[in-house]
Amino acid sequence: MRSLLMRYATPSIIGLFLVSLVTGTALFFHVGPSAFHGIHEWLSMVLILGFALHVWRNWRPMLAYMKGKPLAVSLVVSLLLSAVFFLPGRSEGGPPVFGLAAQVMAHSATEVAPALGTTPDALIARLTAAGYTVGGPDQPLAEIASASGRSTMDLAATLISSAR
């Protein structure tokens with residue numbers, strides 16, 4: 001069993017990294033199927049196991065890296081690049097379009113329908129036809145998505161497709 005794990009440690013890292021690379025890039029550019037989000041999150045968790053096996057398999061060479069400057073420099077640079085996202089105004093809401101979407105989802109069908117060129121009743125009918133549970137015309141769209149067991153991104157896709 002140990003030899004099997006050792007044999008597949010590095011290939012699993014390569015395969016899972018490629019999956020993470022493709023799905024992460026697609027998520028960054030907001031393209032591809034919605035399944036990419038779940039794939040990216042869950043298989044990145046599996047990547048941790050592959051990484052641990054890879055470190056275990058290559059422990060002696062890893063010790064050599066730990067004694068040198070390049071690993072320390074790389075870790076400090078990575079930490080500093082990550083810290084940028086904690087600066088005020090950088091992480092609050094992400095890109096402006098996400099902030100706008102969150103604001104729209106905080107409003108009801110009654111308030112959003114005119115912006116989509118429809119009536120509240122027609123918008124509610126479209127949401128109901130798409131399988132959403134609507135409690136009333138004044139219920140916030142985010143609550144409608146949550147009550148229906150769906151994400152606000154799914155609801156936004158329904159709103160956009162029904163507005164075309």
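Let's start with His30, which sits in the loop between helix 1 and helix 2; helices here are DSSP runs of H or I with at least four residues, numbered from the N terminus. This is a predicted model, so local features need pLDDT of at least 70 and side-chain atom pairs count only at pLDDT 80 or more, while totals for chains, interfaces and linings use all residues. Residues are numbered from 1 along each chain as its sequence is written, and side-chain values use heavy atoms, with hydrogens and water left out.

His30 is not a glycine, yet its phi is positive, about 55 degrees. His30 counts as exposed because its relative accessibility is 53%; the cut-offs are under 20% for buried, over 50% for exposed, and partly exposed in between, with a 1.4 Å probe and protein chains only.

For contrast, take Asp121 in helix 7, residues 120-129. Asp121 is exposed, at 62% relative accessibility.

The largest pocket has a volume of about 920 Å³. A pocket here is an open set of points on a 1 Å grid over the protein atoms alone, where a 1.4 Å probe fits, with protein on both sides within 12 Å along at least five of seven lines; lining residues have an atom within 4 Å of a point. The volume is the space filled by probe spheres set on the points, which are joined across faces, edges and corners. Of the 27 lining residues, Phe98, Thr152, Met153, Ala156 and Ala157 are the closest to the centre. Helix 1 (2-29), helix 2 (35-57), helix 5 (96-105) and helix 9 (152-163) each supply at least two lining residues. By class, the lining has 20 nonpolar, six polar and one charged residues.

Last, the surface. Trp59, Leu63, Tyr65, Met66, Leu71 and Leu75 make a nonpolar patch of about 600 Å². Helix 3 (59-67) and helix 4 (69-83) each give two or more residues to this patch, and helix 3 brings the largest share, four residues. Trp59 belongs to helix 3 and is partly exposed, because its relative accessible area is 41%.

Technical notes. Ala, Val, Leu, Ile, Met, Phe, Trp, Tyr, Cys and Pro count as nonpolar, Asp, Glu, Lys and Arg as charged, and the others, Gly among them, as polar. Patches are made of residues with over 30% relative accessible area and no salt bridge: like charges are joined within 9 Å, nonpolar side chains (Val, Leu, Ile, Met, Phe, Trp, Tyr) within 5 Å. Accessible areas come from the Shrake-Rupley method with a 1.4 Å probe; for residues, only the protein chains shown count as cover. A salt bridge is a side-chain nitrogen of Lys or Arg within 4 Å of a carboxyl oxygen of Asp or Glu.
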